[in-house]
Structures are given as C-alpha cells and as structure tokens.
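Here is a short briefing to read alongside the coordinates. Have the viewer open and follow the topics one by one.

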Amino acid sequence: MVTGGAGFIGANFVRYVIEKHPEVQVTVLDKLTYAGKRENLAGLPSERLQLVVGDIGDENLVDRLVKQTDAVVHFAAESHNDNSLQNPKPFIQTNIVGTAVLLEACRKYDVRYHHVSTDEVYGDLPLDGGKFTPDSPYRPSSPYSASKAASDMLVRAWVRSFGLRATLSNCSNNYGPYQHIEKFIPRQITNILCGIRPKLYGTGQNVRDWIYVDDHSAAVWQILTAGRIGETYLIGANGEKSNQEVLTAILETMGQPLDAYDWVRDRPGHDLRYAIDASKLQRELGWQPQYTDFQQGLRATIVWYQEHRDWWKKDKAVVEARYAQELKKG
C-alpha cells in the first residue's frame with residue numbers, strides 16, 4: 001500500500017514499481033486533496049493498481065487496508081512550507097496523527113512499514129560546508145518540518161517500543177513530472193509558459209540539494225526491500241544549487257532573458273541550505289543516482305509541463321492569486 005500515491009512523489013513511485021516489478025500489486029490510499037490527482041495514475045493497469053480515496057486518519061479504513069497488505073510505504077503528507085505558515089492545523093493532523101494511525105495498524109498486523117520524510121527536519125546548514133547525516137540533530141524551522149520531525153520520532157518509538165518492522169528515509173528536494181505548480185521549479189516553468197514573470201524569494205542564495213524523482217523512487221524501493229529495520233537512510237544526489245542558479249537555468253533553457261524575473265519578500269523561517277550525505281545508502285544498499293545531470297533532468301521536466309498544459313492550467317490562476325494575496329499581507 002502506498003499512501004499519498006496520487007501525489008507527486010507517491011505517483012512517481014507507484015509508476016516506478018508497476019514498471020519495474022511486475023509481480024507487485026499496489027493499493028493507493030489518497031485523500032485526493034488539491035495535490036493528489038487521479039490523472040497522476042492515468043494509464044496504469046487496473047489489474048495491478050487499486051485506488052482507494054480516503055484519509056490516513058480514518059482508523060477503520062486504514063485497519064481494513066493494512067490487514068490486506070504486505071508492506072506500507074507512507075508518502076502522504078501536507079508538504080508545502082508556505083501553506084504551513086498560513087495554517088498549521090492540517091499539517092499536525094495529517095503528518096502526525098495520520099502517521100500514528102498507520103503505525104498502529106502496521107503494528108497490529110505485523111506489516112512492514114517504510115516512512116518517507118524530508119531533509120527539512122534537520123533545519124539548515126551554513127553555505128560554507130557540511131552535510132546532513134543520519135545522526136544530524138533535528139532542528140525544524142517551520143510547522144511543516146516540525147510535523148514531519150514529530151512523525152519520524154513516532155516511527156522510531158514504535159520500532160523501539162513495539163518491534164515494528166520499519167525503516168525511514170529523509171530525502172532532498174525532488175523535481176520532475178506531476179509536481180504541483182505551487183512548488184518552486186514547476187511554478188517558474190508554468191509562469192514562463194503563461195507569460196508571467198517568475199518570482200524569486202529573498203536574495204536567491206538559499207541552496208537546495210536537488211534529486212530527480214525517479215532516483216528517489218529507486219532508493220525507496222531499495223530501502224523497503226533490503227534496508228535494515230530501524231535504520232534511517234538519507235537520499236540525495238549531490239545536486240546542490242542556489243534558488244537563483246535554478247531559476248537562471250530555467251530561464252536559459254526556455255529561451256528567456258536571464259534577468260526576466262521579479263524579487264519578492266523572503267518567507268518567514270526560510271532555511272539557508274540543505275545538503276545530503278547519502279553515503280550510508282550507497283555503501284550499505286548499493287544505490288546510486290542515475291539522473292546526475294541537472295540540466296538534462298530540468299529539460300525533461302520543462303518538456304513535460306509544456307506537453308501537459310491540461311494537467312496544470314486549471315490550477316494556475318488559483319495558485320498565483322494565493323501568492324499575490326500573501327504578498328499583500330506584508
């Protein structure tokens with residue numbers, strides 16, 4: 001069972017598993033909020049995939065589904081920092097309470113559990129060195145990252161207290177097809193496609209460690225099938241770039257002037273730099289990123305959004321109106 005399997009990373013993972021592992025049957029549990037879409041699973045064989053529309057906080061539903069499964073991969077989360085700053089409550093409910101419901105069901109039926117988390121639980125790093133490791137202390141900066149940190153701690157407690165067969169992974173920033181246009185890369189791509197000037201927070205020097213979503217999917221599968229119970233694995237592809245560098249690459253690839261964007265006020269609690277040390281995952285499980293050329297991955301992502309305008313166009317006006325309203329609040 002894949003929770004959040006109709007969202008960006010979850011849907012890409014489902015597609016990866018169905019393509020690479022024909023013996024596997026997948027049940028997706030997804031609430032189909034604004035970030036989860038049926039279209040993200042379009043074209044996948046119905047005999048291999050079941051979509052259940054529901055909430056991970058629904059104890060009866062989760063109990064019934066977990067009872068019928070061999071493993072749970074938990075992607076479902078409220079995940080947008082800006083949204084968590086406006087209303088933290090959904091993040092607490094989904095990311096903490098929902099995780100607890102899943103953990104209890106997996107404990108009850110002794111089901112293998114993998115928990116997908118984020119590098120943002122570690123806070124941020126200085127620009128001049130160092131990377132996050134599995135032993136880095138947690139210093140979350142936003143309601144989103146704090147809720148994910150809490151869910152990670154629940155998993156560790158269920159392993160220690162109840163012997164839950166669980167693993168964790170913390171991944172760096174993903175990009176690729178099916179990512180909601182509120183997120184940085186698809187927002188700038190779709191701005192340009194709509195004739196809107198892209199926007200850059202603060203100084204543009206905040207650094208993120210980018211990974212193509214298919215590499216994340218491969219890593220999660222490897223951890224699920226070969227990872228040591230109770231262990232945390234960090235997933236990253238040495239893809240550090242400042243936000244300004246990413247935006248410049250988008251502008252250049254799409255044939256735009258390199259100064260064709262607007263500066264906007266920085267968001268509260270904006271972490272300075274993320275960077276992942278994935279050596280444990282590489283050393284223990286033999287995983288290696290395949291999409292290490294950021295420009296190549298970015299071009300493929302741009303082409304996907306160019307060719308799938310119907311997928312995102314209906315959401316664009318709403319997303320931009322929300323951002324404009326937040327800027328007005330000052």
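**Cores, a helix pair and one glutamate**

Leaving aside neighbours within four places in sequence, Val 14 is in contact with Val 2, Gly 5, Val 26, Val 28, Leu 41, Leu 44 and Leu 49. Please keep in mind that this is a predicted model.

**Nonpolar cores**
- The largest nonpolar core has 42 residues, and Val 14, Val 26 and Ile 235 are those with the most contacts inside it.
- At least two residues of this core come from each of helix 1 (8-20), strand 2 (26-30), helix 7 (213-226), strand 10 (232-235) and helix 9 (279-285).
- A second, separate core has 32 residues, including Ile 181, Ala 249, Leu 298 and Trp 304.
- As general background, nonpolar side chains tend to be buried together in soluble globular proteins.

**Helix 2 against helix 4**
- Helix 2 (residues 59-67) packs on helix 4 (residues 89-109) at an angle of about 40 degrees, and their axes are 9 Å apart.
- The two helices are therefore oblique to each other, and helix 2 passes helix 4 in a right-handed crossing.
- Helix 2 makes the contact through Glu 59, Val 62, Asp 63, Val 66 and Lys 67, while helix 4 uses Val 101, Leu 102, Ala 105, Cys 106, Lys 108 and Tyr 109.
- Sorted by class, this contact has 7 nonpolar and 4 charged residues, with no polar ones.

**Glu 245**
- You will find Glu 245 in helix 8 (residues 243-253).
- Is Glu 245 buried or partly exposed? Its relative accessible area is 45%, so Glu 245 is partly exposed.
- Glu 245 lies 41 residues from Gly 204 in sequence, and their C-alpha atoms are 8.2 Å apart in space.

Methods:
Residues are numbered from 1 along each chain as its sequence is written. This is a predicted model: local features need pLDDT of at least 70, side-chain atom pairs count only at pLDDT 80 or more; totals for chains, interfaces and linings use all residues. Side-chain values use heavy atoms; hydrogens and water are left out. Axes are lines fitted to C-alpha atoms, for helices over the stretch in contact, and angles run from 0 to 180 degrees between N-to-C directions. Helices (H or I, at least four residues) and strands (E, at least two) are DSSP runs, numbered from the N terminus. Angles under 35 degrees count as roughly parallel, over 145 as roughly antiparallel, 65 to 115 as roughly perpendicular and the rest as oblique. A crossing is left-handed if the near helix is turned anticlockwise from the far one by less than a right angle, and right-handed if clockwise. Contact means heavy atoms within 4.5 Å. Ala, Val, Leu, Ile, Met, Phe, Trp, Tyr, Cys and Pro count as nonpolar, Asp, Glu, Lys and Arg as charged, and the others, Gly among them, as polar. A nonpolar core is a set of buried Ala, Val, Leu, Ile, Met, Phe, Trp, Tyr and Cys residues joined through side-chain atoms within 4.5 Å. Buried means under 20% relative accessible area, exposed over 50%, partly exposed in between (1.4 Å probe, protein chains only).
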